[in-house]
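Welcome to a short tour of one protein chain.

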Amino acid sequence: MPLPALFANLRLPVIASPLFLISGPELVIAQCKAGIVGSFPSLNARPISLLDEWLHQITEELATYNRANPTRPAAPFAVNQIVHKTNNRLGDDMALCEKWQVPMLITSLGAREDVYAAAHRWGGIVLHDVINSNHAQKAITKGADGLIPVAAGAGGHAGALSPFALMQEIRQWFDGLIALSGAIAHGRSILAAQAMGADFAYIGSAWIATEEARAEADYKQAIVDSSADDIVYSNLFTGVHGNYLRSSIVNAGLDPDHLPESDPTKMDFGSGGNTDVKAWKDIWGSGQGIGAVSAIEPVSARVARLEQEYREASAALNANTAPFLG
């Protein structure tokens with residue numbers, strides 16, 4: 001199906017995923033100016049009054065940029081809402097999103113009809129992240145506009161299914177918007193996501209090692225220095241399975257090869273309450289695609305590299321498939 005007009009100004013079919021504690025207005029604005037959808041979790045803005053300030057800053061700076069660049073305006077931005085019952089800020093955060101007419105929401109950890117309906121009332125669209133086809137069907141039934149299948153290898157909270165299997169099952173019944181997540185950090189992977197049936201690639205870990213990200217210097221360098229073999233899949237830190245950098249687990253005094261299972265009923269998304277260390281602060285999330293990240297650089301440079309890789313991969317694919325397509 002054709003993409004909504006909201007995405008008309010994209011330079012690449014990419015949505016930058018919201019990174020807990022790392023995505024702030026500086027990163028979002030840089031991503032949007034570079035031509036991809038920028039996003040951040042509403043819970044990154046603490047206290048809640050800061051969310052109002054961030055939305056004001058992002059809205060005004062992008063509007064100023066668009067006036068100065070009418071032929072190549074910025075991409076839209078998105079706010080991530082955790083809709084799990086443990087998030088007691090959801091109502092207030094949604095009110096601020098309505099105040100600033102946020103063009104897009106990304107919802108996580110539960111499908112909520114009231115959240116989808118609220119966004120639709122102000123003209124926003126909502127993509128919901130899922131780890132299997134059953135969760136996907138529930139979200140669409142309740143009113144989500146699109147889906148973010150979080151496949152094996154994605155950073156942070158991630159599923160265990162192959163992106164091939166996950167996309168295949170969802171596309172059997174859903175022809176709407178899909179942003180595929182899972183170890184995507186290279187232009188050819190963006191093209192591969194499209195080949196599997198996705199409209200967008202959903203990229204997270206690659207933005208940690210950028211100048212605009214609010215990650216500490218050691219975290220950024222660890223992304224550069226690590227590869228897929230350095231990622232550990234565990235539910236210890238929040239109660240939900242996720243992918244984390246091995247080096248951060250070792251630095252916290254834990255054995256990454258012998259981590260205990262956590263009680264999934266004791267989910268703690270803000271502090272990592274299942275251990276004496278804090279998820280996201282002490283234990284660093286990361287996806288398996290980081291082998292493609294070789295330097296800490298500005299967002300603009302990373303997007304330019306992704307675009308070059310994407311174009312080169314597209315040209316190579318056309319040349320390689322030509323003999324088979326007659």
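Angles under 35 degrees count as roughly parallel, over 145 as roughly antiparallel, 65 to 115 as roughly perpendicular, and the rest as oblique. Keep that scale in mind while looking at this predicted model. Helix α7 spans residues 187–195 and helix α10 spans residues 299–321; their axes come within 6 Å and cross at roughly 55°. On that scale, α7 and α10 are therefore oblique to each other. Their crossing is right-handed.

Which residues in α7 and α10 meet? From α7 come G187, R188, I190, L191 and Q194, and they meet L306, E309, Y310, A313, S314 and L317 in α10. Sorted by class, the residues of this contact of α7 with α10 are six nonpolar, three polar and two charged.

Two packed helices are described by the angle between their axes and the distance between the axes. For helix α2 (residues 48–68) and helix α3 (residues 90–99), the angle is about 20° and the axes are 10 Å apart. That angle makes α2 roughly parallel to α3. The crossing of α2 and α3 is right-handed.

On the α2 side, the contact is made by I48, L51, D52 and L55, while α3 brings D92, D93, L96, C97 and K99. By class, the contact of α2 with α3 holds five nonpolar and four charged residues, and no polar ones.

## A buried tryptophan in a loop

Where is W207 found? W207 sits in the loop between β9 (200–203) and α8 (217–225). Is W207 buried or exposed? With a relative accessible area of 0%, W207 is buried.

Leaving aside residues up to four places away in sequence, W207 touches V14, A16, L19, L27, Q31, I36, A213, V299, R302, V303 and L306. One of these, L306, is also among the α10 residues that meet α7. By contrast, W207 and L317 are 26 Å apart in space, C-alpha to C-alpha, and 110 residues apart in sequence.

## Backbone details to look at

Most residues other than glycine have a negative phi, and most peptide bonds are trans. Here are some places to check against that background. The peptide bond from R46 to P47 is cis, and its omega is near 0°. P47 lies in the loop between β2 (38–41) and α2.

L21 is not a glycine, yet its phi is positive at about 70°. This residue belongs to the loop between β1 (14–16) and α1 (25–34), and L21 is partly exposed, with a relative accessible area of 39%. Q101, a residue other than glycine, has a positive phi as well, near 50°. The loop between α3 and β4 (104–108) holds Q101, which counts as partly exposed at 43% relative accessibility.

## How confident is the prediction?

The chain averages a pLDDT of 94, and 95% of the residues score at least 70. Which residues have a pLDDT that stays under 50? That stretch is residues 269–274, for which the model has 24 contacts beyond four places in sequence. Where pLDDT is low, the predicted coordinates should not be read in detail.

Notes:
Residues numbered from 1 in each chain as written. Predicted model: local features only at pLDDT ≥ 70, side-chain atom pairs only at ≥ 80, totals over all residues. Heavy atoms only, no water. Axes fitted to C-alpha atoms, helices over the stretch in contact; angles between N-to-C directions. Helix = DSSP H or I, 4+ residues; strand = E, 2+ residues; numbered from the N terminus. Left-handed = near helix turned anticlockwise from the far one by under 90°. Contact = heavy atoms within 4.5 Å. Nonpolar A, V, L, I, M, F, W, Y, C, P; charged D, E, K, R; others polar. Buried < 20%, exposed > 50% of the residue type's maximum accessible area, 1.4 Å probe, protein only. pLDDT = per-residue confidence, 0-100.
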